[in-house]
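Thanks for coming. I will go through one model today and keep to the packing inside it. Please have the structure open as I talk.

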Amino acid sequence: MMSGVNTRELIMEILLQINEDGEHSHIAIRNALAKYQFLPKQDRAFVTRVCEGTLEYRILLDYIINAYSKVTVDKMKPVIREILRSAVYQLKFMDSVPDSAVCNEAVKLAQKKGFYNLKAFVNGVLRTAAREMEQLEYPEKELEPVRYLSVRYSMPEFLVSKWLADYGFEKVECILKDFLIEKPITVRCRTYPFTPAIVRSGMEQQGVKVEDAPYLPYACNISGFDHILLLDAFVKGKIQVQDVSSMLVAEVANPQKGDYIIDVCAAPGGKSLHLGDKMEGFGTVEARDISSYKAGLIEENIQRLNSINVQAKVMDATVFDVESECKADIVIADVPCSGYGVIGKKPEIKYRATSQKEEELVLLQRSILTRAAEYVKSKGLLIYSTCTISKEENEENMMWFMNNFPFKLESMDEQMPEELKGETTALGYLQLLPGIHKTDGFFIAKFRRKT
């Protein structure tokens, strides 16, 4: 508050942008902090933590508020709703902030936003919550498993029910628990034209904490730095921010020097650039996406990494490109998906999910696969991947594809880290689950063209 910016008002505005206007959380937070660059580091950290935490735990927070409010959360004015949610988050999860300060600041903010007549309401709900929250009863695991998981881990009942049917209680609880754990930033240290050891050493010399990420020798978790744009390794194109699950796509593809590769939904280009590095500058990776904006994101990364064999192109993956027919050694189809596997990084995904959206995505994915199949040359490879844990988008699409196109699954065990090998990788596909595996939720299937 010393900076002249009311941090709690800023938090409320960010939450309104996310929950009312549909903005992505990381973009809303980033834009707000960019606007107030002069904010002290402590204030910036407070804004980020309360925004992210309030969003992640929204269902739990609403459960608590509804226990002490005569007006249910869904009937409240949006401003009051976000003031209460962020305040209850602080009461429950932030011991460093005194309860009295949380309540007082919330009441002041309600008045400042023109809700003078609701000051007593806000004050009453928060002071009662502060006093009685620890004694509040929650749904019981044995009696109401869906509601228990929904409230305990702030996941909509629609998704809980769906995943329970697919994976069972124990796995689902592991997944939900993992979504709420803060993760480090994972980067791919380039193996060409650098060596991971030299890249790591450079980051450590700059004061970055560098730890081995699981499964792949060139993957690292990094922490202890202010902003990635200030890291020499990033600016000079020696690292690429990428989850290990995404890195596995290039491993499974196993390109050879001189291959022609088409990545049909490539932005921001991580997989394309990885494939380019694996070919050590030889061959061509055509990194396509639907808009100039997305192609621009790919181009930025190409320039930063000075990647000589990756080209960005504007192209719609659902529209047949006759020039590419039967030309590619490898086609990568990392398709738009529900994103359920990355809810831990983008929590707003869970609140916007519907069965209708998922059905529409499956149709889009099949449309893209239909086109992608036409670009694979005889005996060539098609790698299908998503960042979701939805069986409709993953295994069911895989079976649909095999039933309708001249492709067969091919074992990925030769390229797969030992710890990830199993019954399905021997067949040619892998479903990674948060909390079960040490990655985001991700699906990969490896298809070989029969003729």
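Ala-253 sits in helix H13, which covers residues 244-253. This is a predicted model, so please take every value I quote as computed from it. Is Ala-253 buried or exposed? Ala-253 has a relative accessible area of 2%, and the cut-off for buried is under 20%, so Ala-253 counts as buried.

Which residues does Ala-253 touch, leaving aside those up to four places away in sequence? The list is Leu-275, Ile-330, Ile-332, Leu-381 and Ile-383. Take Leu-381 from that list: 128 residues separate it from Ala-253 in sequence, while the two C-alpha atoms are 7.5 Å apart in space.

Now the rest of that helix. In H13, 10 of the 10 residues are buried, so the helix is largely enclosed by the rest of the structure. The buried residues include Ser-245, Ser-246 and Glu-251, along with Val-244, Met-247 and Leu-248. Just after H13 comes Asn-254, with a positive phi of about 50 degrees.

Next, the nonpolar cores. The largest nonpolar core has 73 residues, and the members that touch the most other members are Ile-14, Leu-126, Trp-163 and Leu-176. Helix H5, residues 78-93, gives the most to this core, contributing eight residues. There is also a second, separate core of 34 residues; Ala-219, Ala-287, Leu-381 and Leu-420 are among them.

Not counting residues up to four places away in sequence, Leu-176 touches Leu-149, Tyr-153, Met-155, Val-160 and Trp-163.

That takes us to a helix pair. Two packed helices are described by the angle between their axes and the distance between the axes. What are those values for H9, residues 157-167, and H10, residues 169-179? The angle is about 130 degrees, and the axes are 7 Å apart. That angle makes H9 oblique to H10. The crossing of H9 and H10 is right-handed.

Which residues make the contact? From H9 they are Val-160, Trp-163, Leu-164 and Tyr-167. From H10 they are Phe-169, Lys-171, Val-172, Leu-176 and Phe-179. By type, the residues of this contact divide into eight nonpolar, no polar and one charged.

To recap: H13 is a helix with 10 of its 10 residues buried, and H9 packs on H10 at about 130 degrees. Trp-163 and Leu-176, on either side of that helix contact, are also among the residues that touch the most other members of the largest nonpolar core.

Methods. Residues are numbered from 1 along each chain as its sequence is written. This is a predicted model: local features need pLDDT of at least 70, side-chain atom pairs count only at pLDDT 80 or more; totals for chains, interfaces and linings use all residues. Side-chain values use heavy atoms; hydrogens and water are left out. A nonpolar core is a set of buried Ala, Val, Leu, Ile, Met, Phe, Trp, Tyr and Cys residues joined through side-chain atoms within 4.5 Å. Buried means under 20% relative accessible area, exposed over 50%, partly exposed in between (1.4 Å probe, protein chains only). Helices (H or I, at least four residues) and strands (E, at least two) are DSSP runs, numbered from the N terminus. Contact means heavy atoms within 4.5 Å. Axes are lines fitted to C-alpha atoms, for helices over the stretch in contact, and angles run from 0 to 180 degrees between N-to-C directions. Angles under 35 degrees count as roughly parallel, over 145 as roughly antiparallel, 65 to 115 as roughly perpendicular and the rest as oblique. A crossing is left-handed if the near helix is turned anticlockwise from the far one by less than a right angle, and right-handed if clockwise. Ala, Val, Leu, Ile, Met, Phe, Trp, Tyr, Cys and Pro count as nonpolar, Asp, Glu, Lys and Arg as charged, and the others, Gly among them, as polar.
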